[in-house]
Each structure stands twice: as structure tokens, then as C-alpha cells.
Amino acid sequence: MLGKAIPRKEDQRFITGAGLYVEDVQLPGMLYAAFVRSAYAHAYIRRIDVERARNVPGVVAVITGKEWPELSATLPELNGSVTLTSPYIDSVKVVPHHLFPEKACYVGEQIAVVIAESAYAAADGVEAVEVEYEPLPAVASWEEAIKPEAPRIHKGVDNTVAHLKHEVGDVERAFRDAEIVLEKRLETQSLKSMAIECRAVAAQWEEATGTLNVWSTCQFHYMLRSAIAGILKMPAEAVRVMARDIGGGFGLKGVLHAEDVIIPLIAYRLKRPLRWAETRMEHMTASNHSGRQVHDVRIAARRDGTILGMDLKMYKEVGAYDHFDMMLQINTINHLTTHYKVPNIRVEGWAIATNTSPGSPYRGAGRVEAVFTMDRVLDAVARATGLDPIDVRLKNIVTPADMPYRNGMIYRDGVPVTYDAIDFPLLLERAKQRAEYDLWRRRQQEYRAAGRSIGIGISSYVEAGGLGPCEGATVSIDEAGRVTVKVGVNSQGQSHETTLAQICAHALGAPIDDIQVLGGDTSLMNIGFGTGASRVAVNAGNAVYKAAVAVRRKVVALASGILGCTEDEVEIADGIVSVAGARQNQTTLGELARRALRDRRMADLGGPGLVATEFFYPKTVTWASGVNIAVVEVDRETGHVDILKYVFVHDCGLPLNPMVVDGQIRGGFTQGLGIALGERVVYDEEGQVRSGSLMDYYVPRAVDVPDLELDHVTFPTPDNPLGIKSVGESGPNSPPAAIAAAIEDALGGAVEINTLPVTMSAILQALRSS
Amino acid sequence: MKRTISVTVNGKVRRESVEPRLLLVHFLRDVLRLTGTHVGCDTSQCGACTVSMNGLAVKSCTILAVQADGAEITTIEGLARDGALHPIQAAFREHHGLQCGFCTPGMIMAAKQLLERYPAPTIEQIRDQLDGNICRCTGYHGIIKAIEAAARAMAEKGQAPTTGS
């Protein structure tokens, strides 16, 4: 069952319209919320006039933050999964992030909430609220924000809110020894995760049980529970967060936003169910974005293509509130060298506040920036030396003989980055073969003679995943033999209900159809973390495995007593428990579960019933990797890029379900394609959002996505019982670098591509200025 | 102020009194509680709200409920018959045409229209016809495979796609 491409168990409800997303939650007496949001990127809120709004038909209340003491609360300063153990950071200044600020620090920041009998009436109420602002000068880019005379986003706090540095080897010496020194400025844009479901939250105070029920689109539901319980001074158990059917996450929903907390607080006070669903426009303006990142990189190399050293300065826009300290830049650093040896590296990074909504991870989370930098560096060395880009890569590649290989970086969990049991040259060779690299190099010349511009781009990535601390799982068998798996993680489409069931079926010997997986509800597991950082398969997957093995042990012990055989003779298959070789002597998982309720033998097996809870703690992250090769044709008249061939070779350890792995890669690739060719959050100088809708922000459509040639290579990891690695954030990392390189190559070296996205107009502009 | 409309939704006549400004998608979701039809944007880009109205795929966020007075509407909830999935629904499951499932109802309703227009579509026709529907999870690969497979399944059954409900 493990490793089989079976259809998904969760699909039935989604294809019939029976899924229950947060906006589908309807409760008797429900009220609806809509937010009044700042029109300015930086302004004191001098007065909020709610009188007219209160008289709008259907409006029940207008909340401005003064009504109850808990509304003066702040969001937790740092998100749960940040980098407290990273040795790189030497300063972080966190600024209190109020639920209802006295000063708006970005366009779309929440100022007041209208509560009404319908969502339409709430929107009417918002229109009727009058806000008096005292506008202040705003800064919307790091370049402006670091100027000495720049306005401060937070009074008395420097706009540079965090700093890091790290050095491996002797960079000065590398540059002294260099035969070639290259310098580049690389720029990647701020992005929106752009799940098709926007954010939403619903809440209901349940008087009978003293429980505050919260339905949320949050990826980390336990973090939300802690925040709400903390502010309301309730036991964590009295807050139940349900985050089950979620319409895509990709990082943006892995953050606590003010609304996630405000709505439950108001529902608790009003004692009425309350729901808020974000509009796309609110999403584009007020929800988090990934933050623009600029790299100034210097490279020391030899004329034979050997890279001696790299000196990197990183500037990152983190928005008005930096809830992730420098996590994204740390990810960039720890994924920076990808498959290659850079013996001497120095990095220095600055997190710079701007008058925009806060920054947070988007799928890839700093890896796209890392890969774009490393591959652009390798290609620059190829150009400077006249070597083929493949040869430059082979010159610097980490080989199996170098394993275990340490590149000198320290991961976010404090453990040194170590590659082991990976064959990077094999991945490159496979990609080269699949792409028919030599053939396309020849064709490139022929086509060029015919006036056609063909280019080839190569990119390599690594993906650390399976970040701890841990996840748990409870596996239980009921008296009918049905198996329930409970986990502390939730799904935004990752197929957990299927893959985790496959693990359980494999470990327990139960039929897959009899296994249900439940997650995304804090009442299921007392402690859990959530879904992000490509961590579920490794953490929750291995926890399910361990719990299923523990239940199996109980089954075997009980069955050997009942069937009168040794434990070694007990066999379990398809829910039938039998004695090896003796076919007539058998029972079922359900029958054993029934007997396990009252059988005294269970006293020595952990108590009644066939149930076990186990946690899995990874030693550190796992390293997935891959190589992409793109062949593109650029239309010099229009700037249009046609992808003629795209090869994606990758390893993610043993696949739990190859169909699901394929889906993760293809979906991630498409997000990378968007980053390559058009996605970009745009602010003007005043901090107004110019990418305020899906008319203005590019998202790939079906017609834009090329056929992908996928090649799965498997290097199992010895670091967990299942031999699995992560795959969720593999897809988007390389497409921007590979496609940018291919476009540069197609243009015959006339221009350098150092900025993403490479839009049609950017290509035309580059061609004109060359 | 309110107006009474009569709309046949998934074969059932529904008479309701609605505000003239009520969007069809909110009529379906909030009044009829058919929440399978989703809202993913506010500018008619994403297609998550696609339903069939008088046999044509429409974005129900771009039509007022009062404009649907007298119309026949099929939503995702009305596609399966007697517990049997429509071939398009079955093909989406078989070919991993969905991950989070949020765009899926609109995507399936758009696919239904597509197959009515092109019973044996080429891949190019499929890609082209899906221009009004955004999926952020799948990269469209499984969706395209599913629509190709559904076309084959419907042809084998001799079930020429028909319009309306």
C-alpha cells in the first residue's frame, strides 16, 4: 500500500461540493463581520465616527478596539516556527503589533470592525464609518527605508529591525587568490501565496460546555489556540480550533493575522456566532506577502571555473511587523550553495521594515532566492570563463565521495547542514540526458542561423524539510475493525487523509478503506504544531508509523494469547489476524479490539483497547534535491517566452504516493513559473498597492503551463523509519532560475537577467537597451 | 425593496424573496445553503463560482440573483445522479485533478461546458477553454488529464454531453 499511486480518500467531498471550508460554516443566529481598513500606508487614526454606521439597517455593532480590555492586546511577537536557535542573528527588534492600532502602518491595516446580520449589511456599515487620519510620510522600499532621513515606521525604532552575519572559511583570502572576481545585484520580488480561498475565521461561544469554537483557515491551529486562550486568559483546552478543509495555504495562512484573533474575541463577548471571510481585495492589500529581497553578491573564481568564495549582502523588506525575525533570509543562506562547493562564504543580511503589510513565508520560503543566486553565479562564471554551464557545475559539484558533506551552514534547529546519501552528479546527468542537452545545444546554433532565439537554462535546488520539533499521532481500532488515525496537523490540499492512511495500512495490516485520518482540530490531539516548512510527511508520517506499529504490537500480543501461538507466528493482513500456516485459526482486528476492551491481558499492554499515541522527533531536517533544465524560445518582437521543453529531475526519498508527489511537484513548478514570468506585489512610493486584484497580479493559467517531463530518482534517507524526505517546497525553487537562465541564453548574451520576474516587457526593454 | 424570484436549481424550483443587489453566488450559498459553489475573487478572474445557467457556464459572482429569475441552474451539488458521480467528477478523482478542492467545483462546471462544446477536445482546446478558471495547487496537469479522460468515458458510454440539467 505504501508507495502506491492510489486515488485520494478526501476527494469525494470536494468533487461533490460537500467540503466544509470556513466560509461554509453556518450557525443559527450567526453574525457577519467586515473590517474598516486604513486608506493610508502611514497615518495616525485621529477619530473614528461610527454613528452613521450604527444606524445602517442590519448593523449590530461597530467595534473600534476600545470596547473591551482584551481588544488592546497585541499579537504574539514572533511566529511559532522562527529561528530562535539560529546562531546567525545578532539583533532583532520586535515591535508590539496591536489588534487595533493607534497608528496605521500599512494600507489595509484593520481599524474597526462592523458586525451585522448579513455580510452585505456589514459591508454597508463599513462604507458608513468615517475615519479621520493624520497622514505621515511612508516608506515602501528598503532602499528608501535605510536612508538616514527616512521616516521611522515605529517611533524610536530603527527601520532596520534585524541583522545577521555568518562566515565560513576565509573569504578575504579567497578573493586575494581569485583569478576572476564578479559582482552582481540580484532582485526577487515580493509574492502572494494566492490560495484561491482567501482567509476566513468563524467563532462561536458554546455556553453549555464553556468552549470557544473557532473555525479558521490557519495552517498552525495550535498557535492560534494559544493566542486566543492567552488573551482571554482561558485554559487552552477551552478554545477549540478547527482548521480542516482549507482552500490552499502555501505559507500565507501559516501566520497569525489580527483578524484571526479579533473575530473570536468579539464572538465571545457578543455571545453570538460570528464569521468573517476576506475579500480578494483585502487579501491583496492587507494580508501578508513574502517581501522583496535584493542580493549584492561578489564571487571569487579561478579561470578553470572553480568557485573559491562568495560574499553576499542581503536586503529584505519585512513589512511593518516582523513576525518572522530573519527566518526567510536564514533559509536563503542555508539553501544557498545547493549542490555545489563554495568553500569560503560570507553573508550579511538586514531585515528592513517598510509601510506594507507584514512579511511571511510563501512556499519555498527563501529557497527561490537562494537558488536564483547560486545558479546566476554559476552562469556568470560560465560566461566569464567561456565554459559550458554544465561544465562549471561539474567543476564545483559535491560528489558522493564528499559525503557526508558539510557546507558550513547551521540549520534553523541549530544542527549543522549535512548532506548524506545523495548523488548530485547523477541528478545533473539524468536531467542532461532527459533534456537532450547536447542535441539542443546543436539545434540552438541551427535555429539562431534561422533567426530564432533558443536558450537553455539549468538550475539545481535542495529542499530542507521535515522541520521539528515533532508531531504526534493516535491510532485506534474500533470494535468493527475500523481504524482512526488522529494527527495534530491540518491539510490545505496536501493529501494527508490518503498518504497517512497508506502509512497506517502498511504498518498495521488494515485495509485502506477501513482507515480514516482526522486532523485539523485541536480537540483531536492535545499537542500539535501544524502544516508548513514541508514538515508533515516526515513528522506526522513517521508518528503515524510509530503509533501504528505500537498498536500492531498490542494486536500481536493479544492475538498470540487468544489464538494460542507465539507472537512471531501472528500474521496480520487485510484486517485478518491469523497464525502462520494455520488458516482456520484466525480472528479479525475488530474482534480483537472488542476483546481488548475487557481482557485483563491489556493491563500489561498499556490499558484497554487497541490504541496508541506516539510522537516522532526528527534529528534535524531531511534534504530533498533536484535539477531542472528549461529550453525556451524568445520572440524578439513581442518578448513572449515559449517553453519548448522542461525537465524536472528530483529526489524526495521514498514516495508515499507517487501520484501525490507528482501533484506536489507540478503544482510547485507552476508557482515557480509564475515567479519566473510575472508574479509581483507592487507598491507605489506612498505604499499604495498597485497589484490589488487578480487583474493586476499574474497567476499562471492552464494555457501558460508547459508539459513537464518529470523524473523521480530515489535516495532514501536513513534518518527516519520510513526513509522519506519532504517534497512540498521542492517545486517552485528552480523554475525561476532555469527559465531566467534560458531567456538570457536565448538572447545570446546580449543582456544579463538579474531580476525576477522576467516579464515580456522586461525582455523588450532589455533588448532595446542592449 | 425585495423581489421574489423563481429559479430551478438542481431540478428543484426555488421561490425566494431577495434584495435586487444580491449576487447569484450568494443566493446559492447563503439563501439556498448550497456552499459547494465558492468565491475566490471579486473581479471575475478565478472561476471558483462557475455554475451552469440555462446550459451555459457562468460566473455566478457576476450575475445578480434577480437576473436568474426563471432560469435553470445546475451547481456542483446537482451533478451526481442517484449517488453516481458524473464522469467528470470521477475523472477528477482518478487523475488527481484537485488538491485543496476549492477551485474544483468551478473547474468541474467549466469542464462540463467545455465537453459540451468539444466532446473530443484537444489538449490545446482544454487549456484554452480553462482560461477563466484558476487553480493554484495542481499546475492544471491533473485537471487536463481528467477532462481528457472524462471525454473518453462519456464517448464510450455513448453519453453525448447534453446541456442543461
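Visitor: In which helix of chain A is Glu744(A) found, and is Glu744(A) buried or exposed?

Guide: Helices (H or I, at least four residues) and strands (E, at least two) are DSSP runs, numbered from the N terminus, and Glu744(A) is found in helix H18 of chain A, residues 735–746. Accessibility is read with a 1.4 Å probe on protein chains only, where buried means under 20% relative accessible area, exposed over 50%, and partly exposed in between; Glu744(A), with a relative accessible area of 6%, is buried. This is a predicted model, in which local features need pLDDT of at least 70 and side-chain atom pairs count only at pLDDT 80 or more, while totals for chains, interfaces and linings use all residues. Residues are numbered from 1 along each chain as its sequence is written, chains are lettered from A and ligands numbered from 1 in the order in which they are written, and side-chain values use heavy atoms, with hydrogens and water left out.

Visitor: With which residues is Glu744(A) in contact, leaving aside its neighbours within four places in sequence?

Guide: Contact means heavy atoms within 4.5 Å, and on that reading Glu744(A) touches Arg376(A), Arg383(A), Gly749(A), Val751(A), Glu752(A) and Ile753(A), once its neighbours within four places in sequence are left aside.

Visitor: Where is Pro757(A) found, and what kind of peptide bond joins Leu756(A) and Pro757(A)?

Guide: Pro757(A) is found in the loop between H18 and helix H19 (760–769) of chain A, and the peptide bond that joins Leu756(A) to Pro757(A) is cis, with omega about -10°. A cis peptide bond also joins Met403(A) and Pro404(A), again with omega about -10°, and Pro404(A) has its place in the loop between helix H11 (389–396) and strand E17 (405–410) of chain A.

Visitor: What is the phi of Lys233(A), and is Lys233(A) buried or exposed?

Guide: Lys233(A), a residue other than glycine, has a positive phi near 55°, and at 75% relative accessibility Lys233(A) counts as exposed. Lys233(A) lies in the loop between helix H6 (221–232) and strand E12 (239–242) of chain A. Glu436(A) is not a glycine either, yet has a positive phi of about 50°; Glu436(A) is found in the loop between helix H12 (424–434) and helix H13 (437–449) of chain A, and is partly exposed, with a relative accessible area of 37%.

Visitor: How should I read the interface, and what area do chain A and chain B bury between them?

Guide: The size of an interface is often given as the accessible area lost when the parts come together. Buried area here is the accessible area (1.4 Å probe) that two parts lose on being put together, summed over both; chain A and chain B bury about 4,300 Å² between them, with 55% of it on carbon and sulfur atoms. In chain A, the residues that lose the most area to chain B are Ile15(A), Tyr120(A) and Ile196(A), together 19% of what that side buries.

Visitor: How many salt bridges does the rule find across the interface of chain A and chain B?

Guide: A salt bridge is a side-chain nitrogen of Lys or Arg within 4 Å of a carboxyl oxygen of Asp or Glu, and the rule finds four across the interface of chain A and chain B. The side chains of Glu679(A) and Arg136(B) meet in a salt bridge, at 2.7 Å from N to O.
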